[in-house]
Number of protein chains: 2
Amino acid sequence: MIFEKVLGTINKYNLIEDGDKIVLGLSGGPDSVCLLHILYRLKEKMNIEVYAAHLNHQIRGLEAQKDALYISQICEDLGITSFVKAINVPEYCKEQGVSLEEGARTLRYEMFEEIKQKTKSNKIAIGHNRNDQAETVLMRIMRGTGLQGLRGIEYIRDNKIIRPILDIERSEIEAYCEKYELNPRIDKTNLESIYTRNKIRLELIPYMKDNFNPNVIESIVRMTNSLKSDSDYIDLEAERSFKEVSTLKEDSVEISLPKYSNLHNAIKVRILRSAIKHIIGDTNFVDQKHIEDIIELECESKLNKMLNLPRGIFAYRRKNIIILTTKEIVSEEIDFCYNIPSNGFIKIKELNLVLETQKMSIDRYKSIKLDKTSKGFDFDKIKGGIVVRSRKQGDKIKLAGGSKKVKDLFIDLKIPREDRCKVPVITDDEGILCVGDYKTSENYKIDSETKEVLKISFKKL
Amino acid sequence: MIFEKVLGTINKYNLIEDGDKIVLGLSGGPDSVCLLHILYRLKEKMNIEVYAAHLNHQIRGLEAQKDALYISQICEDLGITSFVKAINVPEYCKEQGVSLEEGARTLRYEMFEEIKQKTKSNKIAIGHNRNDQAETVLMRIMRGTGLQGLRGIEYIRDNKIIRPILDIERSEIEAYCEKYELNPRIDKTNLESIYTRNKIRLELIPYMKDNFNPNVIESIVRMTNSLKSDSDYIDLEAERSFKEVSTLKEDSVEISLPKYSNLHNAIKVRILRSAIKHIIGDTNFVDQKHIEDIIELECESKLNKMLNLPRGIFAYRRKNIIILTTKEIVSEEIDFCYNIPSNGFIKIKELNLVLETQKMSIDRYKSIKLDKTSKGFDFDKIKGGIVVRSRKQGDKIKLAGGSKKVKDLFIDLKIPREDRCKVPVITDDEGILCVGDYKTSENYKIDSETKEVLKISFKKL
């Protein structure tokens, strides 16, 4: 019965093909031992070769040696070549600064890969079961997840990692082991997040079964399988759209805005993750919040804005594209310089800004109401011609506290790097009168001696 | 703080617009009372009108009267018109044969609708909160659900039912009620699936908070909101595809196969549900299994097959379409009639079948090996010309047990109605020699007297 069910799973998801060579991860527990026996029975039927790989984590001392002995014995009985490797997992984890769970996982898969290459195999079989599936999904739901996480454990990944007993319940597996007298070992230090996993298995699921639904595992697994189909569909569509709207470069992705903007949010989210994956190789560090921030970049108001994301990724909003990259892009500098008349106006087309100038007596100046965009300067303190231009390296302005680098001023004012060249700097022959309408120099201030005033107004077009 | 948060929700999902008239479902518990107070504060700001509707379920006796009194009082204090209606809910549920939960829900929404019309309102506001959301989703996960169910409670449905405090936690709501001294009533018989809901609220979620994630509610709600976007996307795409591949009639939907077959399973599932919804009005009775069965109909091998679904729905597989309908379709009758030579062959093009006939001596007949598709008849018992034709009403055949209606024979043989016209019937001038290769008449049997045999073979092309 179980054997037929596993065959059904293998066929449904095309897990095993004629001629496959399979490395089985064999812990010695019921799941992997049951899978060993089933693969053994399939050997002739499906014309496959099977190797067993066991990692002695060196955590369980004498018990671990007994595990290894058991593995050798059962594999010999079934005529299956086994590989046992001992690694000091706790030491490795300490060195790498990772959790036991994470370290053991890494080493296990490294070993599988090694033996796969050594035996010229093409697949790795893992003994995850139906309960593991439900437990994994429940754990993710409690910790927070999305559609991708709700897919749960995959039957097959990269056409390499296969999980043939993922549809079989733990109790069925135990019955199978008993029927065939396989006497699996019981690993009391189940490394996979011991605490959480066991809590879910021994407390949470039994509680749900008793109080809400005796078939809760079935329900969760069915949900997961139905979500797999939905998730596959969106991922496929998103991949298609990603190719359509993106230009991939070595360490950057350019997303063409007009096409991208019309897409559904569900697709945008996935395009952005794919872009980041292309640049950095994974997206685990990316929060929903980061993605939302990048999505907001498409608003017209974010033109020329830049976002700092983790892992040194920048997101730039340009005219018709969003650029995700690990390289900082210095914006095309806006460079301008215009002479200013004492009375009249000058248009700075680079900024869509008009400067209006007016020379007047101090009395008249005092009688008019100034708005925030107008500044007054002592006309007699101005030496030579007045000029409005973009900032230059080395620019300094005299403030009340003393001379200050304009660059430092921009930093204090939190003006983004890419916006700094858009701040008009007004100078005479000797120095800076003002930096935009942010700061005015002490050197040209109106005082009790002032007779004539140059009034300058900044007007957006 | 809560007030601002609710405003945020209202704006984000566009729940309330200037000039709206809103009927609030007011139980008297903390959620609805908090919402009452918030809507009261919004009245001038958003230029809305608010009415309160309270259903006295007549379950709680004196307590229910106190509830009604409280409602009148607080609404009077806030200057909001309230409507209180008493209905004997238990009696109604008994009459209708529905659960208290279901009955109360139906009556509550009926009353909201009634008051909405009476007051010429356009919206109904319900006081569901963030905890309700997490609890609902958890309940559905345990009972079994799909992407649609994981959306949880909607912020707005049909631009009519709105839930402005769905982002607010229960504890915040209680604090709000305390701050404004609203003294909400505590309904001890919370009708909404008393047992399950309270178990989740009082046991399951606290257990998850203690053992897995203190922010489990936040995690579940965030998951739900992200799945809403995914679900919206697939639903939109499925709706578009549904329109493309379907022809809607009054009580049937025809799905054009060539286009439909190329679609992703996630889309097919939704198209089929939309089709059933068009025919019957809802799809709650449809299991995943039914949908899978309909999906399988597209296989070539299911040509002309029919499926019986619940609620009297039939699914028919025809050449280039699948038809979902409440009407039984009698297949286009295949009607044919050919004379058969004594020696030779005749092609029945309607069935893609060839009949081969051979006249031979009994000795020769006995010497050849017969396969299952060949029949032998006593040539001398045949009267007049032989004919192969489709069945006719009233056809009878002489079997060992006596004369039998061919129709009854088909029923015994479990041949589907739509396949019956495809069984060739062979007759002479007086009666039926055989019904396909299923049954042979007693009247033409070879016996000890037989001298010559007519051998007839059925060969599929």
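**Exercise 1.** Which residues does Gln148(A) touch, not counting residues up to four places away in sequence?

*Solution.* The model is predicted.
Step 1. Locate the residue: Gln148(A) lies in helix 7 of chain A, which spans residues 147–150.
Step 2. List its contacts: with residues up to four places away in sequence left out, Gln148(A) touches Ser231(A) and Asp235(A).

**Exercise 2.** Describe how helix 2 of chain A packs with helix 3 of chain A.

*Solution.* Two packed helices are described by the angle between their axes and the distance between the axes.
Step 1. Helix 2 covers residues 30–46 of chain A and helix 3 covers residues 62–78 of chain A; their axes come within 11 Å and cross at roughly 15 degrees.
Step 2. Angles under 35 degrees count as roughly parallel, and therefore helix 2 of chain A and helix 3 of chain A are roughly parallel to each other.
Step 3. The crossing of helix 2 of chain A with helix 3 of chain A is right-handed.
Step 4. Helix 2 of chain A contributes Val33(A), Leu36(A), His37(A) and Tyr40(A) to the contact, while helix 3 of chain A contributes Tyr70(A), Ile74(A), Cys75(A) and Leu78(A).
Step 5. Sorted by class, the residues of this contact between helix 2 and helix 3 of chain A are seven nonpolar, one polar and no charged.

**Exercise 3.** Carry out the analysis for helix 2 of chain A and helix 8 of chain A.

*Solution.* Step 1. Helix 8 of chain A comprises residues 170–179; its axis and that of helix 2 of chain A are 9 Å apart, at an angle of about 60 degrees.
Step 1. Helix 2 of chain A and helix 8 of chain A are therefore oblique to each other.
Step 2. Their crossing is left-handed.
Step 3. On helix 2 of chain A, the contact involves Pro30(A), Asp31(A), Cys34(A), His37(A), Ile38(A) and Arg41(A); on helix 8 of chain A, it involves Ile173(A), Glu174(A), Tyr176(A) and Cys177(A).
Step 4. The classes in this contact of helix 2 with helix 8 of chain A are six nonpolar, one polar and three charged residues.

**Exercise 4.** Determine how helix 10 of chain A is oriented towards helix 12 of chain A.

*Solution.* Step 1. The axes of helix 10 (residues 216–245) of chain A and helix 12 (residues 265–280) of chain A cross at roughly 65 degrees and come within 9 Å.
Step 1. Helix 10 of chain A is therefore roughly perpendicular to helix 12 of chain A.
Step 2. Helix 10 of chain A and helix 12 of chain A cross in a right-handed sense.
Step 3. Among the residues in contact are Asp235(A) and Phe242(A) of helix 10 of chain A and Arg270(A) of helix 12 of chain A.
Step 4. Between helix 10 and helix 12 of chain A, the contact residues divide into eight nonpolar, two polar and three charged.

**Exercise 5.** Characterise the interface between chain A and chain B.

*Solution.* Step 1. In this interface, 37 residues of chain A are in contact with 37 residues of chain B.
Step 1. About 3,200 Å² is buried between chain A and chain B, and carbon and sulfur atoms give 69% of this area.
Step 2. On the side of chain A, Met142(A), Phe212(A) and Tyr233(A) lose the most area to chain B, together 22% of what that side buries.

Key. Residues numbered from 1 in each chain as written. Chains lettered and ligands numbered in written order. Predicted model: local features only at pLDDT ≥ 70, side-chain atom pairs only at ≥ 80, totals over all residues. Heavy atoms only, no water. Axes fitted to C-alpha atoms, helices over the stretch in contact; angles between N-to-C directions. Helix = DSSP H or I, 4+ residues; strand = E, 2+ residues; numbered from the N terminus. Parallel < 35°, antiparallel > 145°, perpendicular 65-115°, else oblique. Left-handed = near helix turned anticlockwise from the far one by under 90°. Contact = heavy atoms within 4.5 Å. Nonpolar A, V, L, I, M, F, W, Y, C, P; charged D, E, K, R; others polar. Buried area = accessible area lost by both parts, 1.4 Å probe.
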